[in-house]
Amino acid sequence: MTGAAMRRAALLPFAIAPLVAFGGGLVSPVLGQQTPEEDLGGPLLSTTISQRFEVDSNIDLDDPDPGTSTFTETRLNFGFLEESPVRTIEFDIDTGLRAYWPADDDFEFTLSSPSTVSAGYAREWASASIEADARYRQRRVDFTRDLDFSDPVLEVPDDPSREEGEATEHRYDAGIEFALATDRPSSYFFELSANRIDYSDEDEGSDLTPRSTVQGVATWQLQITPVVATALSARAFFYEADDNEDTQIQEREIDLGVIYDMSEALRVNAGIGFFQREEEEFGSTVEDDTGISLLGGLNYAFDDFTLNANLRAVTVPE
């Protein structure tokens with residue numbers, strides 16, 4: 001998050017339903033209080049090009065040794081940054097081209113792994129702020145094929161490498177955060193984040209699992225004294241996997257915490273809450289537990305970076 005007000009939200013106990021962030025008339029009147037922008041000299045562009053070349057007598061440490069392999073990679077990083085005291089726009093590409101000629105296989109010419117594209121936007125007003133970011137990452141991953149135990153005659157290959165393969169992982173991340181009424185004793189923080197992981201060239205017998213995750217948090221903070229505040233928070237979490245069991249996991253949590261500013265640089269928080277977790281397989285509930293959650297954390301602002309540390313423990317009957 002941008003600024004001291006947004007850093008405050010990172011330490012609060014987990015929070016509630018993301019839908020509140022998009023509800024009705026709460027946002028509009030606050031976002032109207034804009035502060036003047038200052039030009040810091042225009043956008044900053046950066047480009048980095050690197051080259052790597054390698055010859056290896058046994059690059060994968062195979063037995064028996066297949067012979068000499070050749071590998072070369074050209075990487076390119078392009079960055080765009082535009083900043084003012086109240087706004088930040090970022091864009092970054094990190095990719096390249098890779099040429100690989102293994103001793104016992106055909107020549108390969110592919111994108112570098114990993115290759116990443118990311119973008120971000122942050123904006124501050126007199127009593128509110130918003131931050132949004134998105135990222136796409138592509139990388140190669142190794143996988144192991146499961147043995148087919150359904151076959152009456154189980155075949156175990158003499159060469160273990162026959163049960164190994166390679167696929168391309170596609171990962172998508174996005175998130176948005178709001179802070180409202182940050183100049184008042186009663187303030188609000190909302191966050192919504194999502195993640196999706198897919199695989200191309202997927203082998204039916206591989207151990208790779210496409211999956212999705214969505215989480216929403218919201219917090220209401222009330223400043224009691226200049227150094228002590230209370231926070232009522234709630235969190236909603238959803239996980240879905242494209243596995244053989246069609247696994248789904250849902251979590252819900254609400255808690256009450258105390259925040260203490262020990263100094264201008266150090267902040268600590270602690271809280272206690274109620275937790276519920278439900279898991280389904282093949283459309284049927286296999287786990288439904290409730291319990292108590294204990295939360296703790298600290299935030300220390302150094303001159304050049306900020307350290308966040310959080311601890312969360314949950315007690316459930318099983």
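Phe282 is located in the loop that connects strand 12 (266-281) with strand 13 (284-301), where strands (E, at least two residues) and helices (H or I, at least four) are DSSP runs numbered from the N terminus. Phi of this residue is near 55°, a positive value in a residue other than glycine. Phe282 is exposed, with a relative accessible area of 59%; in this classification, exposed means over 50% relative accessible area, buried means under 20%, and partly exposed lies in between (1.4 Å probe, protein chains only).

The structure is a predicted model, in which local features need pLDDT of at least 70 and side-chain atom pairs count only at pLDDT 80 or more, while totals for chains, interfaces and linings use all residues. Residues are numbered from 1 along each chain as its sequence is written, and side-chain values use heavy atoms, with hydrogens and water left out.

The protein chain contains 2 helices and 14 strands. Of its 318 residues, 31% count as buried. Contacts (heavy atoms within 4.5 Å) were also examined by separation along the sequence: among those between residues at least 6 apart, 56% join residues at least 24 apart. The protein chain exposes about 18,700 Å², and carbon and sulfur atoms supply 55% of this area. Accessible areas come from the Shrake-Rupley method with a 1.4 Å probe; for residues, only the protein chains shown count as cover.

Backbone features were also found in two other loops. Asp246, which is not a glycine, has a positive phi of about 50°. Asp246 is placed in the loop between strand 10 (228-241) and strand 11 (248-261), and is partly exposed at a relative accessible area of 47%. A cis peptide bond, with omega about 0°, joins Ser113 and Pro114. Pro114 belongs to the loop between strand 4 (108-111) and strand 5 (115-124).

Strand pairing, which requires that DSSP find at least two bridges between two strands, was traced from strand 5 onward. Strand 5 pairs with strand 6 (residues 128-144) in the antiparallel sense over 10 bridges, and a hairpin joins strand 5 to strand 6 through 3 residues. Within this part of the chain, Thr116 stands opposite Arg137 in strand 6. Strand 6 also pairs with strand 7 (residues 164-180), in the antiparallel sense and over 17 bridges. Ala179 in strand 7 is the bridge partner of Ser129.

Glu169 forms a salt bridge with Arg139, the closest N and O atoms being 2.8 Å apart; a salt bridge is defined as a side-chain nitrogen of Lys or Arg within 4 Å of a carboxyl oxygen of Asp or Glu. Glu169 lies in strand 7 and Arg139 in strand 6, so the pair ties together parts that are 30 residues apart in sequence. Glu169 is buried, with a relative accessible area of 3%, whereas Arg139 is partly exposed at 30%.

By this rule, the count comes to 19 salt bridges. One of them is formed by the side chains of Glu54 and Arg52, with an N to O distance of 2.8 Å. Glu54 counts as partly exposed at 23% relative accessibility, and Arg52 counts as partly exposed at 43%. The side chains of Asp198 and Arg196 meet in another salt bridge, at 2.7 Å from N to O. Asp198 is partly exposed with a relative accessible area of 25%, and Arg196 is partly exposed with a value of 22%. Salt bridges that share partners also join Arg235, Glu251, Glu253, Arg277, Glu279, Glu287 and Arg312 into one network.

A nonpolar surface patch of about 730 Å² is made by Trp220, Leu232, Ile254, Leu256, Ile272, Phe274, Ile292 and Leu294. Strand 11, strand 12 and strand 13 are the elements that give two or more residues to this nonpolar patch. Patches are made of residues with over 30% relative accessible area and no salt bridge; like charges are joined within 9 Å, and nonpolar side chains (Val, Leu, Ile, Met, Phe, Trp, Tyr) within 5 Å. Ile272, one of the patch residues, is placed in strand 12 and is partly exposed, with a relative accessible area of 48%.
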